[in-house]
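Have the sequence and the 3D view open side by side. This report takes one site at a time, then moves out to the whole chains.

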Amino acid sequence: MNALAARRRHPAAIFLLLLLGLILTGGAYAALAPKPAIAAEASAGQVKEGQELFKTNCATCHGANALGTNVGPNLAGVGAAAVDFQMGTGRMPMAEPGVQAPRGKEVQFSEEQIAAIGAFVASLAPGPAVPAEEYTTGAGGDPGKGGEIFRTNCSMCHNSAGAGGALTRGKYAPKLTGVEGKHIYEALLTGPQSMPVFNDDNISPESKNDLIAYLKAMEAEGNPGGMALGSLGPVPEGLVAWVFGLGVLVGAAYWLGQKGA
Amino acid sequence: MSSDTDATPRGGSTAYGADDFAAEESSATAVRLDDGHHVVGDGALPAHFENPGLPPHVERMADTSEKAAKRAERQVAGLFTLSILGTILFLVAYFAFDTAHRSWVPGLGNVSTTNLLFGIGLGLALLGIGLGAVHWAKTLMPDAEVVEERHPLRSSDAAREDFVGIMRDGGEKAQLFRRPLIKATLGGALGLFSLPLLVQLVGSLGPLPKNHLSLTMWNGEPDGHGGYTPYDKRPRLVTDPEAMPIKAEHVTIGSVYHVLPEGLLTNEELGVEGLEHGQLEEKGKAVVLLLRLDPKDFKPTERGQKALSWGYQGIVAYSKICTHVGCPVGLYERTTHHLLCPCHQSTFDVTDDCHVIFGPAKRPLPQLKIDVDDEGYLIAAEPFHEAVGPSFWERG
């Protein structure tokens, strides 16, 4: 203690003290500051692998540095969640250019490969990470509240039964049946294609879980009324009523008016 | 059908020689109505058409053959039995299955068993009665053609004169013509009696709407009679349905918030009490869509820059009620910044102050001028400057 006290006026003491202070504040900030929810810390190797995969599979449209070209958007800042949604549902890589990437019949990459590309894209600029499983399965969610949120925020495009609907110029809102909860969460978070963003401040993770619970409950419930005609509303229902319903009535009237048996 | 061949041949089916045509051509000077058609006689219309009478009656199978009649009887009885079975199916299904019971049907998927069996049962029950009755009528009930002559409805002149005479006589005896005071007051009493009925009808149409359609809950606190008491402090924007106030920094670019004025919905977490009455009516006028665009995306036009200046750093708020017929305009395409109405496809360009670029709407969506309070929450700086929603009679 004496030795320390004797040297307290040493010219280097002030620098040492400053250094100590900085290390302490920095350390405390790193330990206490709210962290973005990154499920798994990406390793340098994963980013490298992702970059290689990106160059061979995605760079044609999104550019070698993922900064976008005329045919594909800039990916800086979209985050790993966007990559997981687009590739995990088979939308990317897109088979052909079009107004909208349709849902793929099969996912073309393994989960590890998608995670690697996600890590690479996330390394370009901070963006939403793949959500933790806690809120993506709908387990323990309140379907009633989820339904309220769905009808306010989602049903205008995705249809009140989640059957999807048309937008302008060939674009459309896809149906929500048969979609993994994780992908629903990611779509809300990143706003793929024409869809607006519903971040965690707008619809909280708990509410997103309720929403997923509602969609899953609707799917499990089935349709007690019989043929739903795609749940698309008045157009197919009207078509069936006019063509088949009136057809049968016209046939019956003809039979009634016919002479003889 | 055999009736066609049995029918007496009339005009059209009679054969005429080529001479008839030759004679016709030479005498004709102007184009006639029957030019190019099969000409009967000299081609002129006859003075009157003969009544062709009824076509000859055709006997049915069941009229001539007892075997066919028996078969028809069995068919009708079969259809009625089908109806009986349908009713029994309905009754059995009603008691046998719980309403929650589901069964899988090919082509329909998972359906409610009771709904399905009720439908089939009632369908068979009614269809069996209907088809059986018609088949019965067509095969076994008498089908001889009968003519019923139509007679004029007018009474004979003598009866009409008699009636007038009785009325006049009654008037005379009641001294109606001799005492005009009675006549006038009776007329007045009967005429005035229509007024209570009319006044009641018009009076029951309710109070005039005043300017309730022009104001919303963004103007002030509802006073319960359709009016609004101005706020002391401008109201915050809160989310629908969770009634949470919105911080400007949380509205990221590309976000859409469905927004209501604070105080409409209850938020237990924050201790905010919602409206007790008329919640839906207020919501129907006050719903707002909050969007954030990159400020660079707004058009450099006067409209686009006004929209940007009424917002906050690219956050803009617009009424969600379509100016066409009032559907909620909720379909926002993030990439094109177009807002679509689902009912009639009216399309509004958010970068150009929600100017209509397609569809039947005639006016842009009214913009709500927003700002931020000292805690960073979004507030409505001013109420709407015009009435929201579709046009109405007194719209200023």
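## A cysteine and its contacts

Start with C157(A). Leaving out residues up to four places away in sequence, C157(A) touches G164(A), G165(A), L167(A), A173(A), L331(B) and Y332(B). Contact here means heavy atoms within 4.5 Å. C157(A) sits in helix α8 of chain A. Helices (H or I, at least four residues) and strands (E, at least two) are DSSP runs, numbered from the N terminus. Is C157(A) buried or exposed? C157(A) is buried, because its relative accessible area is 17%. The cut-offs are these: buried is under 20% relative accessible area, exposed is over 50%, and partly exposed is in between (1.4 Å probe, protein chains only).

This is a predicted model: local features need pLDDT of at least 70, side-chain atom pairs count only at pLDDT 80 or more, and totals for chains, interfaces and linings use all residues. Residues are numbered from 1 along each chain as its sequence is written, chains are lettered from A and ligands numbered from 1 in the order in which they are written, and side-chain values use heavy atoms, with hydrogens and water left out.

## The annotated binding site

Which residues carry the UniProt feature "binding site"? An unreviewed UniProt entry places it at C154(A), C157(A) and H158(A). UniProt positions are given in the numbering used here, feature names are shortened, and annotations may be inferred rather than shown by experiment.

C154(A) lies in the loop between α7 (143-153) and α8 (155-158) of chain A. C154(A) counts as buried because its relative accessibility is 10%. Setting aside neighbours within four places in sequence, C154(A) contacts I149(A), N159(A) and L211(A).

## Where the two chains meet

Now look at the interface. In it, 35 residues of chain B contact 37 residues of chain A. The size of an interface is often given as the accessible area lost when the parts come together. Chain B and chain A bury about 2,900 Å² between them, and 54% of that is on carbon and sulfur atoms. Buried area is the accessible area (1.4 Å probe) that two parts lose on being put together, summed over both. On the chain B side, K138(B), E242(B) and R334(B) supply 19% of the area buried against chain A, more than any other three residues.

How many salt bridges cross the interface of chain B and chain A? The rule finds two. A salt bridge is a side-chain nitrogen of Lys or Arg within 4 Å of a carboxyl oxygen of Asp or Glu. E333(B) and K171(A) form a salt bridge through their side chains, at 3.4 Å from N to O.

## A nonpolar patch on a helix

L239(A), V240(A), W242(A), V243(A), F244(A), L246(A) and L249(A) make a nonpolar surface patch of about 740 Å². Patches are made of residues with over 30% relative accessible area and no salt bridge; like charges are joined within 9 Å, and nonpolar side chains (Val, Leu, Ile, Met, Phe, Trp, Tyr) within 5 Å. Accessible areas come from the Shrake-Rupley method with a 1.4 Å probe; for residues, only the protein chains shown count as cover.

L239(A) belongs to helix α11 (residues 234-257) of chain A. L239(A) counts as exposed because its relative accessibility is 57%. An unreviewed UniProt entry places a "transmembrane region" at residues 239-257 of chain A. That span is 100% helix and 0% strand, and its end C-alpha atoms lie 26 Å apart.

## Chain B as a whole

Chain B has 10 helices and 15 strands. Of its 396 residues, 32% are buried. Chain B exposes about 25,400 Å², with 61% supplied by carbon and sulfur atoms. The annotation "domain: Rieske", from an unreviewed UniProt entry, covers residues 285-379 of chain B. Those residues are 12% helix and 32% strand.

Most residues other than glycine have a negative phi, and most peptide bonds are trans. Look for the exceptions. A cis peptide bond joins M92(A) and P93(A), with omega about -5°. Another cis bond joins D240(B) and P241(B), with omega about 5°.

R169(A) is not a glycine, yet its phi is positive, about 45°. R169(A) counts as exposed because its relative accessibility is 77%. D353(B), also not a glycine, has a positive phi of about 60°. D353(B) is buried because its relative accessible area is 9%.
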